[in-house]
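Please read each point beside the sequence and the structure.

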Amino acid sequence: MKTGLETLILPAGEAGAEAAARILARGGLVAFPTETVYGLGADAGNAAAIAHLYAAKGRPAFNPLIAHVADLAAARRIGRLDACASSLAEAFWPGPLTLVVPKTDNCPVADLATAGLDTVAIRIPAHPVAQAILRAFGGAVVAPSANLSGHVSPTLAAHVESDLAGRIDLIVDGGPVTVGVESTIVGCLNAPMLLRPGGLSRERIEAVLGARLARPPVEADSDDSQPLAPGMMASHYAPRANVRLNAQDVAPGEALLAFGPARLPGVDAAAAVMNLSPTGDLDEAAANLFGYLRALDARRPRAIAVMAIPEDDLGEAINDRLRRAAVAR
Ligand code: TXA
Ligand code: MG
């Protein structure tokens, strides 16, 4: 484990992108913003760098990583996009969508990053800072969310710093992210399958496909099976405090994560209150979700009570993350 590293923090910009590219090229670890969450990048072709990345996060090595590239030509060097994958790529890249497809024959992504699978997860992020780093580096960058394994994903550079300072080489600070939940993962192997709800809604994907997206046959959320999206382990997105869903009231000493205009009984005795979106806007709620969970958790409440959130649009991803945060540990 590389601890005791001096972690450099640079503002986004040309110098930041060039430093990031240099550090990636020599096998270092660089955190950078994407529109979904901050990622922790390593050279996708460098197994030693990827080993350091798993160690820095404390992540089980069987959990494969997403390869980030700047454009579609680079994506096609890594994976074989069938007609369905191509139509989704066309419609939504760059953006908050990850496609799982078969590897190409001379796929440049190290086996360690794909956990030995013959498929690979690919994403073209839209964030200008991520794009600048990918272009300056010139190759694929594998990047999980830039948090310690089991923690909530980072939506600010300060979140990355609090989890990973001393363990990584560089943090490029591009300010708060806009989407706030991780990318939606669609498997394009046989029938297109929703492996992880995320920052691109099911509704928008189904509109392009002209068909319903299947969910995996087994809910891929168990620690001990070999799930389709192995990162979807039950308590993956967890604050320290217990999380209580669909709260209709607030118990003394609980913090409240509110949504919409309603006022719950007991709210005046809450340890802290944050509202994901007072007007009930699901995009705004997604952008605020992880930061507010971190902020409420930092108050060390008895528990975090969460108001009900509708399942449509980005609500599917928000509820998915909240259910994982609520799994008793
Ligand atoms: O928004 C995002 O997707 C962020 C940013 C940084 O791009 N990244 C992210 O990565 O959320 P991570 O490592 O936290 O989640 C990647 C997910 C995991 O659940 C992993 O199991 C799944 O992608 N995955 C990767 N390769 C896969 C494959 N070949 N088949 C199925 N699932 C795969
Ligand atoms: Mg993650």
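1. Overall architecture. The protein chain has nine helices and 14 strands; helices (H or I, at least four residues) and strands (E, at least two) are DSSP runs, numbered from the N terminus. The radius of gyration of the protein chain is 19 Å, close to the 20 Å that the globule rule gives for 329 residues, so the chain is as compact as a globular protein of that length. The radius is taken over C-alpha atoms, and the globule rule is 2.2 Å times the number of residues to the power 0.38. Along the principal axes, the C-alpha atoms of the protein chain fill a box of roughly 60 × 50 × 35 Å.

2. Basis of the values. This is a predicted model, in which local features need pLDDT of at least 70 and side-chain atom pairs count only at pLDDT 80 or more, while totals for chains, interfaces and linings use all residues. Residues are numbered from 1 along each chain as its sequence is written, chains are lettered from A and ligands numbered from 1 in the order in which they are written, and side-chain values use heavy atoms, with hydrogens and water left out.

3. Burial. Of the 329 residues in the protein chain, 56% are buried. Here buried means under 20% relative accessible area, exposed over 50%, and partly exposed in between (1.4 Å probe, protein chains only). The areas come from the Shrake-Rupley method. One of the buried residues is D43, with a relative accessible area of 17%; D43 lies in strand β3 (residues 38–43). D43 and A143 are 100 residues apart in sequence, and their C-alpha atoms are 9.0 Å apart in space.

4. Salt bridges in general. How many salt bridges does the structure hold? The structure holds 15, a salt bridge being a side-chain nitrogen of Lys or Arg within 4 Å of a carboxyl oxygen of Asp or Glu. Side chains of opposite charge can pair when their charged atoms come close.

5. The pair D71 and R135. The side chains of D71 and R135 meet in a salt bridge, at 3.9 Å from N to O. D71 lies in the loop between β4 (66–68) and α3 (72–78), and R135 in helix α5 (residues 128–137), so the pair ties together parts that are 64 residues apart in sequence. D71 counts as partly exposed, at 30% relative accessibility.

6. R202, E206, R212, R215 and E316 are linked in a network of salt bridges. Within it, E206 pairs with R202, the closest N and O atoms being 2.8 Å apart. Both residues lie in helix α7 (residues 202–209), four residues apart, about one turn of the helix. E206 is buried at 13% relative accessibility, and R202 is buried at 11%.

7. E316 forms a salt bridge with R215, with the closest N and O atoms 3.6 Å apart. This pair links distant parts of the chain, 101 residues apart: E316 is in helix α9, and R215 is in the loop between α7 and β11 (242–244). Is E316 buried or exposed? E316 is buried, because its relative accessible area is 11%. R215 counts as partly exposed, at 30%.

8. Backbone geometry. Most residues other than glycine have a negative phi, and most peptide bonds are trans. The peptide bond from W93 to P94 is cis, with omega near -10°, and P94 lies in the loop between α4 (83–92) and β5 (97–102). R300 has a positive phi of about 55° although it is not a glycine. R300 is in the loop between α8 (282–298) and β14, and counts as exposed because its relative accessibility is 59%.

9. Phi of D313 is near 45°, a positive value in a residue other than glycine. D313 is found in the loop between β14 (303–306) and α9 (315–326), and is partly exposed at 37% relative accessibility. E203, D281, D283, E284, D312 and D313 gather in a patch of negative charge on the surface. Such patches are made of residues with over 30% relative accessible area and no salt bridge, like charges being joined within 9 Å. Lys and Arg count as positive and Asp and Glu as negative, while His and the chain ends are not counted. The place of a charge is taken as NZ of Lys, CZ of Arg, CG of Asp or CD of Glu.

Note on methods. Patch = residues over 30% accessible without salt bridge, like charges linked within 9 Å, V, L, I, M, F, W, Y side chains within 5 Å. Areas by Shrake-Rupley, 256 points an atom, 1.4 Å probe, with all protein chains shown as cover.
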